[in-house]
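Here are my notes on the model, as numbered points. Have the structure open while you go through them.

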Amino acid sequence: MAPDQACHFTHYEDDGKSLAYKTGAYLKEEIHVEPGEQVKVTVKRTGDYPTQIEKILLKIINHEKAPFWVTIDDQLVPHFQHHKQFEAAKEGWYYSQTMGQVFIKY
């Protein structure tokens with residue numbers, strides 16, 4: 001994501017085989033990105049399909065500086081100073097100065 005301006009996109013998921021999506025067996029995620037001093041990413045889910053996704057990795061471009069903190073549902077996400085520690089963790093965030101990106105996984 002490049003949060004220099006507001007944006008919106010949709011992630012859609014269903015079984016890909018049947019017509020069950022017509023009766024609500026789908027998952028639709030509306031993702032909104034609000035730029036600013038604090039970048040805010042919100043996700044609104046509809047549908048009752050059990051997601052097959054086990055983990056999420058967000059890459060947010062910010063060439064200027066690392067964030068002070070990252071939260072998900074108002075809970076602080078662990079910060080890792082070293083990439084190897086970030087890679088080994090199930091959840092957390094890491095800022096790459098060389099790439100100018102915040103990596104968030106959960």
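1. Start with Glu-30 and Lys-28, which form a salt bridge with their closest N and O atoms 3.5 Å apart. (A salt bridge here is a side-chain nitrogen of Lys or Arg within 4 Å of a carboxyl oxygen of Asp or Glu.) Glu-30 counts as buried, because its relative accessible area is 18%, while Lys-28 is partly exposed at 31%. For those labels, buried means under 20% relative accessible area, exposed means over 50%, and partly exposed is in between, with a 1.4 Å probe and protein chains only.

2. Before going further, a word on what you're looking at. This is a predicted model, in which local features need pLDDT of at least 70 and side-chain atom pairs count only at pLDDT 80 or more, whereas totals for chains, interfaces and linings use all residues. Residues are numbered from 1 along each chain as its sequence is written, and side-chain values use heavy atoms, with hydrogens and water left out.

3. Glu-30 has another partner. It sits in strand β2, and its side chain makes a polar contact of 3.0 Å with the side chain of Thr-10. (A polar contact is a pair of N or O atoms within 3.5 Å; within protein, one must be able to donate a hydrogen and the other to accept it, and residues adjacent in sequence count only if both atoms are side-chain atoms.) Strands, for the record, are DSSP runs of E with at least two residues, helices are runs of H or I with at least four, and both are numbered from the N terminus.

4. How many salt bridges does the whole structure have? The search finds 3. Glu-29 forms one of them with Arg-45, and there the closest N and O atoms are 2.6 Å apart. Glu-29 lies in strand β2 and Arg-45 in strand β3, so this pair ties together parts that are 16 residues apart in sequence.

5. Glu-37 pairs with Lys-65 in a salt bridge, with 3.3 Å between the closest N and O atoms. This one links distant parts of the chain: Glu-37 is in the loop between β2 and β3, Lys-65 is in the loop between β4 and β5, and they are 28 residues apart. Glu-37 is exposed, with a relative accessible area of 72%, and Lys-65 is partly exposed at 41%.

6. Now check Glu-13, in strand β1. It is buried yet has no salt bridge, and the nearest side chain of opposite charge, Arg-45, is 7.4 Å away. (Lys and Arg count as positive, Asp and Glu as negative; His and the chain ends are not counted.) What does the side chain of Glu-13 reach? It reaches the backbone nitrogen of Gln-52, at 2.8 Å.

7. Two loop residues are worth a click. Thr-51, in the loop between β3 and β4, is partly exposed at 33% relative accessibility. Its C-alpha is 31 Å from that of Gln-81, 30 residues apart along the chain. Gly-16, in the loop between β1 and β2, is exposed at 67%. The C-alpha atoms of Gly-16 and Tyr-26 are separated by 9.6 Å, with the two residues 10 apart along the chain.

8. On to the largest pocket, with a volume of about 1,600 Å³. Of its 43 lining residues, the closest to the centre are Val-39, Lys-40, Val-41, Ile-60 and Ile-104. A pocket is an open set of points on a 1 Å grid over the protein atoms alone where a 1.4 Å probe fits, with protein on both sides within 12 Å along at least five of seven lines; lining residues have an atom within 4 Å of a point. Grid points are joined across faces, edges and corners, and the volume is the space filled by probe spheres set on the points.

9. Which element gives the largest share of that lining? It is β3, with 5 residues. By class, the lining has 23 nonpolar, 8 polar and 12 charged residues. (Ala, Val, Leu, Ile, Met, Phe, Trp, Tyr, Cys and Pro count as nonpolar, Asp, Glu, Lys and Arg as charged, and the others, Gly among them, as polar.)

10. Last, the overall picture: the chain has 1 helix and 8 strands, in the order β-β-β-β-β-β-α-β-β from the N terminus. Buried residues make up 25% of its 106 residues.

Note on methods
Lys and Arg count as positive and Asp and Glu as negative; His and the chain ends are not counted.
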